[in-house]
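Please look through the model below before reading on. The text then goes from the model as a whole to its chains, their contact and the packing inside.

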Amino acid sequence: MENRLLINLIPGDTFLHRLTGKTKVRTFIILLVYIIMSFDIRLIMPLFILSIIGLVSLRPNWKKVKYFIIVITVVNLLNIVLFWLAGPDIGSYWCGGGNTVLVSLTERLFLSAETLWYLSVRFIKMITSFMVSLVFILSITPSEMAAGLYSIKVPYKICTIFSIAFRYIPDIARDYNNIKVSLQTRGVELDPKKASLKSRLKQNALILVPLIITSFERVGNISNAMDLRGYGRGKTRTYYSEHEELKADKVFKAIYIILLLFCAYWIITQNIMPQDFRMWYPFV
Amino acid sequence: MSTPIVEFKNFGFRYKTQTSPTLHDINLTIHRGEKVLILGPSGSGKSTLANCINGLNPFSYDGVITGSCKVAGMETKNASIFALSKVVGTVLQDSDAQFVGLSVGEDIAFALENQGIPRKEMLPMVDQAARIVGMEDFLLHVPYDLSGGQKQKVALAGVMHGDVELLIFDEPLASLDPRMGMTAVELIDRIHREQNKTILIIEHRLEDVLHRHVDRIVLMNEGRIVYDGEPDRLLASDLLTRHGIREPLYIMAMKYAGCELEPGQKLSDIHELDLSPFEEKLKKQHLAKVDKYVPKIGEEILKVENVTFAYGKDPVLKDVSFTIKRGEKVAFVGKNGAGKSTMAKLICGIERPREGRIMLNGADYTSLSIKEIAEKVGYVMQNPNQMLVKDMIKDEVELAMLLRGRSRKEIDEAVKKALKMCGLWPMRNWPVSAVSYGQKKRVTIASILVLQPDIIILDEPTAGQDFRHYTEIMEFLDELNREYGITIVFITHDMHLAIQYTDRAVVFAEGEVVADDSVYKVLSDDQVINRANLKQTSLYTLAMRLGIEPEAYIEHFINYERMVRDHGKPAAD
């Protein structure tokens, strides 16, 4: 079965791939906090650049990745255009009240330097969070993810859901295809050229019945197999996929701890006790 | 005498969901180091018995235990499934579902992870377990790249760690091709000898298991033990046929010849068995007159011409050509991935050939849609649960007609005919969920026949079925062929099926047709057998030992067998 998902099941061999699941999960969570907490381009820009370096260093399959990058970029561009349409003066609120009009279409629709700045920062922030997530997803295997979540005290039964889901998604996809084909031979028309959307939806519902029944059979077998190998026996468990911490993991640990402290400082001083909502704007 | 590891005393088990017990009065002792086969038809309670040993009963399937069952000194009703899993390792039938890890290494490590063993100690243990089953070079492979046999080896490695003393194999041969099945039996035997484990095999394929020695056979029927003892005595008796187990072919041949079988004769091993007392009778039997079976075959109906097909770059089928005539029964055989299922998909129009053409009644039909082709060629999937979508049998059968917008009158006529052909007419208003597996299979066949196709293709029609259900399904298909002249293609691993119920085998190996001939000719050709992962039948060995040409011997046996099947056994002369 071809692996059509972005996810790797077997770890790769680049620098980021070789980190432990624990390092990856922890770094990812802290980086997300770091991105969300501010609208400050001085904080976001370095991470944006690092995430691009990270992505390149993973040597991903660009064909698959390209599609995601294009979709996310287009959606986010659309998002900021809508923001602009909803409130062309939104920038002056965030950038200290100035309103330097650059282009004016009508009385209501104008583009100010402040709004342009605000929307650009917003766009970069969104793209950065996407890039960091992409790097995370490409660098981790589902088993490492389970191990990493377990390391931050998520109960292991919840962690297992991640790895098991990825294990059986291709199997369920194969069942779905088999059932689809058998129904097609009996006359269910799923060709968009020959059947309307409504009738296709209705006929797709037919596939669900056998799919659910076969999936239940499978779930029963899986849970028996797990019980018989002692799953759920103890309160703790270990992970085969989680290798010992290497030097790089220790370096990352130092970095993410410092970053965590910085985030805590920033959130307390800038978010919890804010003097004003102004973002950093160099052209006041 | 060694110490017992499993001890049943007046044991009974009833599932909470059922009103009467599944197991009655079980008294059985299994000693350390023994290798025992638990034999029985479906529903005889053999799997229930195994699940009472490994703890699935009553921990996963709730039920009531009477009497006592001790495993390694633990009374199972007081022990936990976890405590039992330290002593008992179980390899389940479904090799796909039990593969819970995302790689071979992870799956083998799963039990160790659950015990919380540090990774440093885990690695050498995983390595060692993988080495025992010969999977050490595959640790980083994902399950989707493995064959059924490899997955089974991984499952075995995953339950063999540490103190596990008893290994239970639940229908280990069910989803393997003949050669892989033979390898599995050999592997189990090696583990038994080298690792010093107690082995319990649950199976109904007696002949395949007897490929290697077993110490003892326990025969079960209707929840009771009907035989417990050495294999030879069981083979000499008539218990097997009485309880719906297929006898090994060589034993059948000897019984047809009127040989008097005695327990002391090493009957369980075709190579060791002393044939001298039977030689005369066997040779005489070979000369007995049989009606030569001539299938009713009409004109050419399907013609496959130089077909090449690939999913990606590597061709799955290379320049394949063959023909099928009206009224024929043809088997597609070969190992998994050899291209036989792909060929079936091409014939049904699910995939289209890259090169070459497929003709039905002299016309190339590959430009038609799947739906249109389905009116000429029907495809019945292996698992009926993947085909059944309606609540009522009648609704299920009429679905294909309904979706084609036929008139009510036309539909009713066609449905009635299909249901009558399949013997389902009295059950037409029954819910689909209420009928047995074999009947579900009939419902799926009826739902295909309703379109009155010229050919039907069945994918492993008897997979997972015991001899009784197997016979029921195959006799029904034979009747469809005989009475209604329907051309049938079987995709199968089962050589018994191919021998007994088909006229011809098309053998696939690595995307090519390596043989296209009568089944007994195919099974007498070493080269074909090796290329296609098939296995010689015991008849071949028997013929060689008697100094008779195997091809002729097998053909004679098949004709004789068919005669017995159709007219009962002729009076001994």
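Predicted model: local features only at pLDDT ≥ 70, side-chain atom pairs only at ≥ 80, totals over all residues.

Residues are numbered from 1 along each chain as its sequence is written, and chains are lettered from A and ligands numbered from 1 in the order in which they are written. The predictor assigns the complex an ipTM of 0.86 and a pTM of 0.87.

Chain A contains 9 helices and 2 strands; helices (H or I, at least four residues) and strands (E, at least two) are DSSP runs, numbered from the N terminus. Their order from the N terminus is α-α-α-α-β-β-α-α-α-α-α. Chain A is more spread out than a compact globule, because its radius of gyration is 24 Å, well over the 19 Å that the globule rule gives for 284 residues. That radius is taken over C-alpha atoms, and the rule is 2.2 Å times the number of residues to the power 0.38. Along the principal axes, the C-alpha atoms of chain A fill a box of roughly 65 × 55 × 35 Å. Of its 284 residues, 30% count as buried. A residue is buried if 20 or more other C-beta atoms lie within 10 Å of its own, exposed if 12 or fewer, and partly exposed in between, with C-beta atoms placed from the backbone.

Where the chains meet, 52 residues of chain B are in contact with 49 residues of chain A; contact requires C-beta atoms, placed from the backbone, within 7 Å. On the side of chain B that touches chain A, α4(B) gives the most, with 7 residues. This side divides into 30 nonpolar, 15 polar and 7 charged residues. Ala, Val, Leu, Ile, Met, Phe, Trp, Tyr, Cys and Pro count as nonpolar, Asp, Glu, Lys and Arg as charged, and the others, Gly among them, as polar.

How many residues of α4(B) are buried? The count is 11 of 11, and Glu106(B), Asp107(B) and Glu113(B) are among them. The buried residues of α4(B) pack against α6 (142–151) of chain A, and also against α5 and α6 (148–158) of chain B. Just after this helix, Gly116(B) has a positive phi of about 75°.

Chain B is divided into domain 1 (4–243), domain 2 (248–288 + 538–573) and domain 3 (300–537), with bounds from an automatic or database domain assignment. The centres of domain 1 and domain 2 of chain B, taken over C-alpha atoms, are 33 Å apart. Their contact takes 8 residues from domain 1 and 11 residues from domain 2. On the domain 1 side, α9(B) gives the most, with 5 residues.

The largest nonpolar core has 205 residues, and those with the most contacts inside it include Ile38(B), Leu200(B) and Phe332(B). Such a core is a set of buried Ala, Val, Leu, Ile, Met, Phe, Trp, Tyr and Cys residues joined through C-beta atoms within 7 Å. Not counting residues up to four places away in sequence, Ile38(B) touches Leu49(B), Leu200(B) and Val218(B), among others. A second, separate core of 6 residues includes Cys95(A) and Trp117(A).

Note on methods:
Contact = placed C-beta atoms within 7 Å.
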